[in-house]
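The following exercises are to be worked with the sequence and the model in view. Each task is followed by its solution in steps.

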Amino acid sequence: MAKTEPGATRRRGPNDPERRARIAKAAIEVVAQRGIDGVTHRSVAAAAGVPLGSTTYHFATLDDLLEVALVEAAEKNVHALKEWEAALPADADFARALADLVMGYINEQYRDTVVEYDLYVAALHRPRLRKASAAWDEALTELYGLRTDPLTGRLLAGLFCGLLMQAALADPRPTREEIETLFRRAIHGPANP
């Protein structure tokens, strides 16, 4: 049996090094099921399958939980959008591609879209979340500016976010053609008479 020197402490590594990440993902799941108001340390602990003390150890306040959920959702979304943009051919009709993207978000990915917007809008009442929301906006602006220019990129980012919000709430939803027309106008300006 090995002896340790007097006064030496034994450091123990974490038993569950992925726990913090699991808790963050569970916070997103709770938002999906119950909305922002349903996020509590207890509900997130149950969704993550961890003791309640784990959530409060890693995230002292509810804003800590919401912030990590927002950052996680934003990073996942921006990563997916970067992959989408990189896969577009250089000569792609960008208005058409953006319209298809919006339709995917409001149809196949509706649940994720609602969660992302719940977290994004939470920054209106939780100033601490604003930095993460603003970073998300900047990433979209930069991404869309790659295909246009910085000002048009900002316009497209705002239009994209607004259309997703409106389309998620509208009944009936706007058509793909209506959405494409809006993107085309934003990119190319008014049609010549």
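Helices are DSSP runs of H or I with at least four residues, numbered from the N terminus. The model is predicted, so local features need pLDDT of at least 70 and side-chain atom pairs pLDDT 80 or more, while totals for chains, interfaces and linings use all residues. Residues are numbered from 1 along each chain as its sequence is written, and side-chain values use heavy atoms, without hydrogens and water.

**Exercise 1.** Determine where Ala32 is found and whether Ala32 counts as buried, partly exposed or exposed.

Solution. Ala32 belongs to helix α1. Buried means under 20% relative accessible area, exposed over 50%, and partly exposed in between (1.4 Å probe, protein chains only). Ala32 has 27% relative accessibility and therefore counts as partly exposed. Beyond residues up to four places away in sequence, Ala32 touches Arg111 and Val115; contact means heavy atoms within 4.5 Å.

**Exercise 2.** Describe how α7 and α8 pack.

Solution. Helix α7 spans residues 130-145 and helix α8 residues 150-169. Their axes, lines fitted to C-alpha atoms over the stretch in contact, are 7 Å apart. The angle, taken from 0 to 180 degrees between N-to-C directions, is about 125°. Angles under 35 degrees count as roughly parallel, over 145 as roughly antiparallel, 65 to 115 as roughly perpendicular and the rest as oblique; α7 and α8 are therefore oblique to each other. Among the residues making this contact are Leu140 and Tyr144 of α7 and Leu156 and Phe160 of α8.

Definitions and conventions. Helix = DSSP H or I, 4+ residues; strand = E, 2+ residues; numbered from the N terminus.
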